[in-house]
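I opened my notebook to look up a helix, a pair of domains and a chain-to-chain contact. Here is the structure I worked from.

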Amino acid sequence: MARVEIDPVTRIEGHLRVEVEVDNGVVKDAWVSGGLYRGMETVLLGRAPADAFYVSQRICGVCPISHGHASTMGSEAAMGIKIPNNARIIRNLIEGAEALHSHILWFYTLTALDYVDVVSALSANIADTYALAAAAGTSTADFGAIQKRLKGFVEGGQLSIFTNGYWGHPAMKLPPELNLIAVAHYLEALEMQAEAAAMIAIMGGKFPHFMTSLPGGTVWIPTEEKLDDLYFRWQKVRNWIANAMIPDTIAIAKQYLDATTYGKGVGNYLAWGVYDTADFDPKKRVMPRGALVGGLTLSDPKPEAIKEYIDHAWYDSGDGLNPSVGETKAKFDAYSTDAKYSWVKAPRLDDKPMEVGPLSRMLVSYVAGVPGVVSLIDSTLAALGVPGKPEVLLSLLGRVGARNLETMFVADEMGKWIGELIEAIKSGDSKYFTDQTGEGEGAGLWEAPRGALGHWVGVKGGKISSYQVVTPSTWNMSPRDKNGVRGPLEEALVGTPIADATKPLEALRIVHSFDP
Amino acid sequence: MAQEARGEFTGLLAARGVSRRDFLKYCGSVAAMLGMSEMYAPQIAAAVEKGATLQPALWMAHGLCTGCTESMAQVDSPDVPTVVLDLLSVNYWETVMAAAGKQAEENIKATVDKGGYVLIVEGSVMLGENGNVLRIGGRPGIDELKEVAAKAAAVIAVGSCAVDGGWVAGAPNIANATGVSKFLKDSGINVPVINLPTCPVNPEWVVAMLVDVLLMGELADGSILKKLDSEGRPKLIFGSTIHDNCPRRGHFENGEFVVFGSADHAAQEAAGWCLYQMGCKGPQTKTNCPLVRWNRRTSWCVEGGSPCIGCGTADPAKGGSGNWFDASAPFLSRLADVRLPGVGGVQPATIGAVVGGVAAVGLVAHGLGSAAKGRIKGVPTETEKVSDLKQKGGDK
């Protein structure tokens, strides 16, 4: 038995430490520790709901849109506000653009380096690279020039962000030509995530941290010029996803099919649902609300059934509280995997750990029969040689693939929403904001790119009286609970093969598959 | 500059597939960012060419949301690959680096041992629970920060959190956040700190500073310090208010304001009227956002239809209590007593009448920082005006 520590875990948002116990080349146990506490829930108390919209986005600079929307929806639920239809469509578009941005950035910039050996790309044969790209149906680039640039860079001896990567690791399986294609698309992806972010900037002022989805609706007013700009950028990003990201995913997945045999985790999946339809029913969202507990049978998750445990987290608050009456009182004593070891609480639904994220959303949508999701998943399973077997998705490879398939699904849906907005404007609907105020308590239950997100908000006399947030990473990165049950990432790490304990690349793949 | 150095640099560029023409174009865009004429491009090119080795840098993550790194990923002049492959050797940058864990920590040690690196800090310095509210590598984050800062050639604090604690330091500052410059001073570490506030940082400013400090040699000869204001911010970027450069300024002069939530809101916004009555903090916030804009010059907050929320306001010396959240919230309430010098308190709806067609200069917002009622200090704001009621149809 050997304890292997990964601290800091890199290529994530925030601060994370992972400890695994490795025996005979396989992970036997795991502990996941969140390293940062800032106090967002406290700083918002006594502020205006609009202030919470702006500032709560600073929980996550990669998914500020989702936090802004969950906050605004929580305040709206508390104040009894129903937003105009135009605002609903615009919020969906902003949310969708963030999903494209986040998923592209995640696949190419954050997790690709776990599978793609950048140095190996130097030995790629250029003609073979073009042949391979054609066979895989993925887009080409000036592969020769890219390899030359890479060569000059490596020979310069200063590897910058690539210094000390796991190049030549035995778990790296791609041929040099596929590595070179991936490097070319790594560079293109930096452009595409920025295009997606520019779509948010058009509708939200800027990204990260946007400005327009205030409680009551939106203060962004579309003009013909701006809609045109939006449409052009959407088309460019959408086509790149279809012509590079999806074929890349299939080509890389075929080389890592063993990753369908581990990394499943707790096997319980939760989605609050995202992208509202005209009736604002969470069960009818474009990606609907739902839970799958211990199998692919759909149930309706009840927010009242959430309990947050702090037995292994550095807090001195009530244990097992529902977020609507939650508390956050920090108290550090010591780091010990036998006692307290994280700043992350342990939320449970009906006392069960729940995985959240694109895999949960895609599975819920698949079981619920959302047509675009069903066809994407079925065609992908067929392409990988496992038609009609969605259960293979309950794995490391499934979690990675689901995120990329969701990118395609959302991109296609966004095209419809742009049309929907144009039709609404043409019909003479010029309402974007409703000027209502009330008070009470409510919850904004929504989805960030990395999973189910909830902001529980109390509003009294125009000010925030209570505020609790359960982020996707609170669910996925949670430590053990009162009963000693592992969190989703901890559980997913168990059973992972580790070829070299000094370079735990395979463990990083599991961590990154959750996009923390 | 030695001729051989030039040859070596040109070779380095060529090996990376960058033509000299592309390079000069890039230098021109840098010049524009620095507020200089493109005529300076050759001068910048010469400065860059001085060193054929890449400038080492460490980008450290503290009490952050990663928004500043995200923001950096949006820069296109130069683009990200140029920054991290051709301009700097960023040996540590948690969010994008290949190495993890032990291998990542080795990168810090190797860089610190050699010295001469630029340290970029993102996020608040976290002091709470004896520094344990942020743990990195099994110990308080502040312990690591002291080690890497002590041997840095210069520090760039990116984003309001790193500058003075930012929103994390907002009342009651429960995790005890502060800014980098105050923390280093209190720790007896004497290293020049350049402060780049806003939340997140605008990436164009980071690139401009990297060129200014590193490539123009302005750190070595001390001239960079003359370009900074008393709060360590570059005057060129943070010298004038958003209000001064706002494209909607003309509507302010004309007394044409968007009335929040009114029946005419959408039409007024489509016409680009002034957002002062919605609570815009442009008159008190000093950044060049209206000129540089955001996301590759696509838009910026006010163009999106939202009032400025003053995220560039910072007071590094105060160690947290000057943070932008407390200084600017409630964001949708108006600054009180916005006036013209010598004119006295002026109702914004009548300001056009007061100044007529004369260009209004030196608009000031005063009385800032006085305590409002209750726990949270805020900016003095005013209640609804008669002009609002008229525009809203006499009732609310």
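I began with helix α9 of chain A, residues 358-368, and found it mostly covered, with nine of its 11 residues buried. For me, buried means 20 or more other C-beta atoms within 10 Å of the residue's own, with C-beta atoms placed from the backbone. Helices here are DSSP runs of H or I with at least four residues, strands are E runs of at least two, and both are numbered from the N terminus. The buried residues of α9(A) are A:Pro358, A:Leu359, A:Ser360, A:Arg361, A:Met362, A:Leu363, A:Val364, A:Ser365 and A:Tyr366. After α9(A) comes A:Gly369, with a positive phi near 85 degrees.

A note on the source: this is a predicted model, where local features need pLDDT of at least 70 and side-chain atom pairs count only at pLDDT 80 or more, while totals for chains, interfaces and linings use all residues. Residues are numbered from 1 along each chain as its sequence is written, and chains are lettered from A in the order in which they are written.

Next I asked how many residues each chain brings to the contact between chains A and B. I got 73 from chain A and 79 from chain B, taking a contact as two C-beta atoms, placed from the backbone, within 7 Å. On the chain A side, β1 (2-6), α1 (40-43), α2 (49-56), α6 (143-155) and α7 (176-204) each supply at least two residues. Of these, α7(A) gives the most, with nine residues.

Last, I checked chain B, which is divided into domain 1 (54-233) and domain 2 (242-313 + 333-391), with bounds from an automatic or database domain assignment. Their contact takes nine residues from domain 1 of chain B and 10 residues from domain 2 of chain B.

Definitions and conventions:
A residue is buried if 20 or more other C-beta atoms lie within 10 Å of its own, exposed if 12 or fewer, and partly exposed in between; C-beta atoms are placed from the backbone.
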